[in-house]
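Hello,

Here is the structure you were waiting for. Please open it alongside this note; the findings follow below.

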Amino acid sequence: MNYTQLQSEPRPPRLSVAVISATVLAYEILLTRIFSIVQWHHFAYMVISIALLGFAASGTFLALRSQLVDRFNHVYITNLILFSIFALPCILLAQQFAVHPEQLLWDPAQMIRVTAVYLLLALPFFFAANAIGLALMRFRHNVPQIYSADLIGAGLGSVAIVGLLYLLFPIDALKVLCVFGFVAAVIAGFELGFNRTHISITVIIALSSLIVFSLLPAAWFKLSISSYKSLSQQLNVKDAYIETERSSPLGMLSVINSPTIPLRHAPGLSLNTTVEVPEQRGVFFDGDSITPINAYSKRENSVYLDNLTSALPYHLKQLERVVVLGAGGGTLVRQALYHGTSSVTAVELDRQIVKLLREKYRDFSGGIYDHKSVDVKIKEARGFLEGNPKRYDLIQVALIDSFAASSAGLYALNENYLYTVEALAEFYAHLSKGGYLGISRWVKLPPRDALKLFATAVEALRRTGVVDPAKQLLLIRGWQTTTLLVKNGDFSKQEIASAQQFCKTRSFDLAFYADMPASLANQYNMLPEAYYYNSSKALLSESSEQFLANYKFNIKPATDDRPYFFYFFKWRTLPEIFSLRGRGGIPLLESGYVILFATLIQSVLISLVLIVLPLWKRMRTNSVHRGRMVGYFASLGFAFFFIEIAFIQKFLLFLHHPVLAVAAVLSGFLVFAGLGSYLAGRWQTNQDAHHLVVMAVITIGVLGVLYALVLPNLVFEPLTAAPMSVKLAVSLMLIGLLAIPMGMPFPLGLARLGERAKKQIPSAWAVNGCASVISAVLATVIAIHFGFTVVVSLAVVLYFLAAGLFKF
């Protein structure tokens, strides 16, 4: 296409930059949603690295082909069109690769396939980054304004995609984003002064591409879910099929019906059970975690629920006020009703499943969520309890994660704020006198989940002032699940006797209670030794720290600063596990963490090969100091993402809604950073640019450290019961104060290059992108081992380092 420029000096294409940035950020978030469905949650980190790799590789390409700026109009719009053309096919093609990260350790071909997918999905980001990078090169005197449009557009895109995912399934939302990519190209045509003929050509290309997409076979648009996920395995059952599906930013729900070979999901059901589990529908979250919907027409349908380990508290005393956290399909709610509870509060974050049980499956489930004794709350679990003055006789945390995925360590990177010391302390504070907190976990060998939960409960009790936690803990074990009870008070002899009878009748094992004889452990579901009893005793002893250090898995209590409850991996056990890889040892490996680490190594190697090595000699110039320039833009790349990722987690605990938290924090940081970039352009002069960078960094340092240390206690806690509108306003105000100065150093650095060595602008773009590629994964690795507070602290150090390197 041979475009003709009609104006000798057009205005910067800020609107098209904003639109393509919004589309690209939305595309990135959408990819994380798709990867969560077809693969696993931790692939979100891979997606972020993919996006940033595309941007970094673009910087290298533009540095090596800087003459493209001489044909800016043609190349700019061409790249916008190429993004739109490749965005959909790249995802469809990536699904054709048989990628199974679970096989990385024994199938070397998997790394090749993962790398191929990595590079393929980076293509759309590469084209979009070319357009933005070219705009920065062509209009180097307007860098702050263009960078501002880039950030503000990206911030708005992060909010728009959340709204779009409430309306459309992910693959349909992807088609919409392709349209907006073409819209950016048409807008660019008007901004750059093209005549109607050339704009018409762009529109024709857009329409032709969309028509081609619409003619592709419907099967090509079907998400190919990993064969390792529970949904795929269930669909392998004869005649099983997806009865209905729902989608939102929280996840995709797939309801399975298996008429020929009935689906029966009853985790921890006693092997002594003689009653039949009723007909069920299986609700799968993102293709894996399952919660059943039980058919109910008579009381006998619920008898089996009395034979789960989770039924223990109902046999210790009559419970009148029960709250179920993560109510899902209503199994634990029905269990409470079966035992005569007069008031059950069902807390569920996902409105979709509540709607399913109140509409499509109302008759099937016996109208459980419309029962007169059931009060449904569409809220996040901790958010519901914090600021709630009520006390409960029982707080139960539902077990919804998949056993297979949990056993394989595929949840290792899931930030989970239900199983932290602070969470358990909060739950304990909402128990009535003599009330129980009940949490069930899967049985794994060697033991991991149950022991980490036990250690977390011990620490939570000690933080609340309990002198002897042992007297308030009771742990039982079935063949498949464990249930831990934490009591607000000491367990009485009568309660212990009732627990013994409950376990004896159902062949469950007592694993721990205060002064429990060792002879009572490991009686029914026999293990080589009484692992759970011995370990529980050790965790309560004076040598507990030594036990935690020597144990082969990481079972130290999770905290809000390190919310990785499912991270059990220890590097020193890797040789032993690897030696067992042909003898069933792979499930002992925390696959999620290994994949994260492999992604980090992959990001570093690809960045070196595609970015650093091609540019190193080219960055040598007499106009600027190469080392200082690389250090400056690399430091900014690491620091910005470190702070952004850390504070998404911090504000998640305040807003208590993952979708709102990510949308508000991400958009807040980007929009306000864009405002900071705009202000930097207005305020800067050649003489005071360094001073402006220094002041911005000082502000970032003070606020970053202050936020990390005092936000939870001095701001978040007093506003616990505030309306969501107030919380959002406060969050955006706090984010704005920090993000505005964060948006200044990068455009000021590019502007300095524009004055001293304009050909180095794409090199700086590439270096910053290279650091960002690595930082997205590295931040998580650091948080797992040291906590998010350390991540913020490192970011502050990097910002100060950048300030010292500004005069490159």
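D370 is partly exposed, because its relative accessible area is 37% (buried means under 20%, exposed over 50%, partly exposed in between, with a 1.4 Å probe and protein chains only). R358 also counts as partly exposed, at 36% relative accessibility. These two residues form a salt bridge, with the closest N and O atoms 3.4 Å apart (a salt bridge is a side-chain nitrogen of Lys or Arg within 4 Å of a carboxyl oxygen of Asp or Glu). R358 sits in helix α10 (residues 351–358), and D370 in the loop between α10 and β7 (374–377), 12 residues apart. Helices (H or I, at least four residues) and strands (E, at least two) are DSSP runs, numbered from the N terminus.

A word on the basis: this is a predicted model, where local features need pLDDT of at least 70 and side-chain atom pairs count only at pLDDT 80 or more, while totals for chains, interfaces and linings use all residues. Residues are numbered from 1 along each chain as its sequence is written, and side-chain values use heavy atoms, with hydrogens and water left out.

Now the other salt bridges. The search of the whole structure finds 18.

- R382 and D560 meet at 2.9 Å, N to O. R382 lies in helix α11 (residues 381–385) and D560 in the loop between α17 (544–550) and α18 (574–579), so the pair ties together parts 178 residues apart in sequence. Both R382 and D560 are buried.
- R506 pairs with D306, the closest N and O atoms being 2.9 Å apart. R506 is in helix α15 (residues 493–506) and D306 in the loop between β4 (289–294) and β5 (321–325), 200 residues apart. R506 and D306 are both buried.
- E243, E279 and R281 are linked in a network of salt bridges.

Last, a helix pair. The axes of α20 (residues 626–655) and α21 (residues 658–683) come within 9 Å and cross at roughly 140° (axes are lines fitted to C-alpha atoms, for helices over the stretch in contact; angles run from 0 to 180 degrees between N-to-C directions). The two helices are therefore oblique to each other (under 35 degrees is roughly parallel, over 145 roughly antiparallel, 65 to 115 roughly perpendicular, the rest oblique). Residues in the contact include F640, F647 and L655 of α20 and P658, L666 and A673 of α21 (contact means heavy atoms within 4.5 Å).

Best wishes
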